[in-house]
Amino acid sequence: MDSVAYELAQVNIGRLKAPLDSPQLKDFVDNLDPVNADADAADGFVWRLQSDAGDATDIAVFGDEWLIINMSVWRDPNALTAYMYQGRHREMLARRREWFERVAEAMVALWWVPAGHRPTVAEAEERVLHLRANGPTPYAFTLRTSFPPGTRTPVSADLPEDLGCPV
């Protein structure tokens, strides 16, 4: 398969510790627009899920009002990783335990989509459930154990441990 014909979709689901309008989540909410603007301007960024409000905090996922979703499409894993582990996003990622519950099961998944495809929430839920049931496969994987488009051979990545991010 030609990797140029594919883009990398990612979903990250978080379980809130408090309502979005609470004082506990103020810093998180105040940084949503700047972090999203950074993503929109990042090299390799293609698309992100958003409602009319400009973010995805009001989009239902798994029928649970305490879950919020972040879903985007990137050129490749390197572009996603470069964005995730630098600047304002890295700062927010390091503080995620202030705002989000620890969850034992997978809440992050990656998968390849045909260039131009925009994944749905239902598609993202399916990929997360598949990753939970089967571990990393070409259908749903993580940054630590990823698969290039059209292959069944995993590629392991060396990601920062200090952030404890399971992607």
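## Exercises on a predicted protein chain

Of the 167 residues in the protein chain, 44% are buried, meaning under 20% relative accessible area with a 1.4 Å probe and protein chains only. The model is predicted, so that local features need pLDDT of at least 70 and side-chain atom pairs count only at pLDDT 80 or more, while totals for chains, interfaces and linings use all residues. Residues are numbered from 1 along each chain as its sequence is written, and side-chain values use heavy atoms, with hydrogens and water left out.

**Exercise 1.** State how many helices and strands the protein chain has, and in which pattern they follow.

*Solution.* Begin with the count, which comes to 5 helices and 6 strands, taken as DSSP runs (helices H or I, at least four residues; strands E, at least two) numbered from the N terminus. Then read along the sequence, where the pattern is β-α-β-β-α-α-α-β-α-β-β.

**Exercise 2.** Describe how helix α1 and helix α3 are placed relative to each other.

*Solution.* First take the axes of α1 (residues 26-41) and α3 (residues 87-94), which come within 8 Å and cross at roughly 135°; the axes are lines fitted to C-alpha atoms over the stretch in contact, with angles from 0 to 180 degrees between N-to-C directions. Finally, name the residues in contact (heavy atoms within 4.5 Å): Asn31, Pro34, Val35 and Asp38 in α1 meet Arg88, His89 and Met92 in α3.

Notes. Buried means under 20% relative accessible area, exposed over 50%, partly exposed in between (1.4 Å probe, protein chains only).
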